[in-house]
Amino acid sequence: MASKSNLLADISLKGLEIAPSQIRGAVRIVPLLRHQVRNDLRLLRRNYDEDLAVVSLAGEMTAPGI
């Protein structure tokens with residue numbers, strides 16, 4: 001595991017903008033927004049009706065699972 005000082009040196013907030021925080025009880029979420037969308041980011045809602053699911057990062061985004 002990386003030491004705390006190395007971890008903080010590796011994290012870069014360059015290109016990110018801090019949005020207003022959202023608070024729910026004792027949890028605060030601070031969104032970090034990027035002006036340009038990453039091409040490798042996959043956000044897709046899928047229903048998994050099984051108790052166990054296997055996810056593959058290879059292939060088309062809308063392709064069925066394994």
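Partly exposed means a relative accessible area between the buried cut-off, under 20%, and the exposed one, over 50%. Keep that handy for this predicted model.

Q: Is L16 buried, partly exposed or exposed?
A: Start with the number: L16 has a relative accessibility of 27%. Buried would need under 20% and exposed over 50%. So L16 counts as partly exposed.

Q: Where in the chain is L16 found, and in which element?
A: The chain's elements run α-β-β-β-β from the N terminus on. L16 belongs to the strand covering residues 16-18. That element is strand β1.

Q: Which residues is L16 in contact with, leaving aside its neighbours within four places in sequence?
A: A contact here takes heavy atoms within 4.5 Å. Put the neighbours within four places in sequence to one side, and L16 still has partners in the chain. Those partners are L32, L33 and R34.

Q: What separates the C-alpha atoms of L16 and H35?
A: Along the chain, L16 and H35 are 19 residues apart.

Q: Is I11 buried, partly exposed or exposed, given its relative accessible area of 48%?
A: First, its place: I11 sits in the loop between α1 (4-10) and β1. Exposed would take over 50%. With 48%, I11 is therefore partly exposed.

Q: Which residues make the nonpolar surface patch of about 470 Å²?
A: Patch members need over 30% relative accessible area, and I11 has 48%. I11 is one of the residues in this patch.

Q: How much of the chain's accessible surface belongs to carbon and sulfur atoms?
A: Buried residues make up 3% of the 66 residues in the chain. The accessible surface comes to about 7000 Å². Of that surface, the carbon and sulfur share is 55%.

Q: Which element of the chain has the highest mean pLDDT?
A: For the chain as a whole, the mean pLDDT is 75, and 70% of the residues reach 70 or more. Among the elements, α1 has the lowest mean, 63. The highest, 94, goes to strand β3.

Definitions and conventions
Residues numbered from 1 in each chain as written. Predicted model: local features only at pLDDT ≥ 70, side-chain atom pairs only at ≥ 80, totals over all residues. Heavy atoms only, no water. Helix = DSSP H or I, 4+ residues; strand = E, 2+ residues; numbered from the N terminus. Buried < 20%, exposed > 50% of the residue type's maximum accessible area, 1.4 Å probe, protein only. Areas by Shrake-Rupley, 256 points an atom, 1.4 Å probe, with all protein chains shown as cover. Patch = residues over 30% accessible without salt bridge, like charges linked within 9 Å, V, L, I, M, F, W, Y side chains within 5 Å. Salt bridge = Lys/Arg side-chain N within 4 Å of Asp/Glu carboxyl O. pLDDT = per-residue confidence, 0-100.
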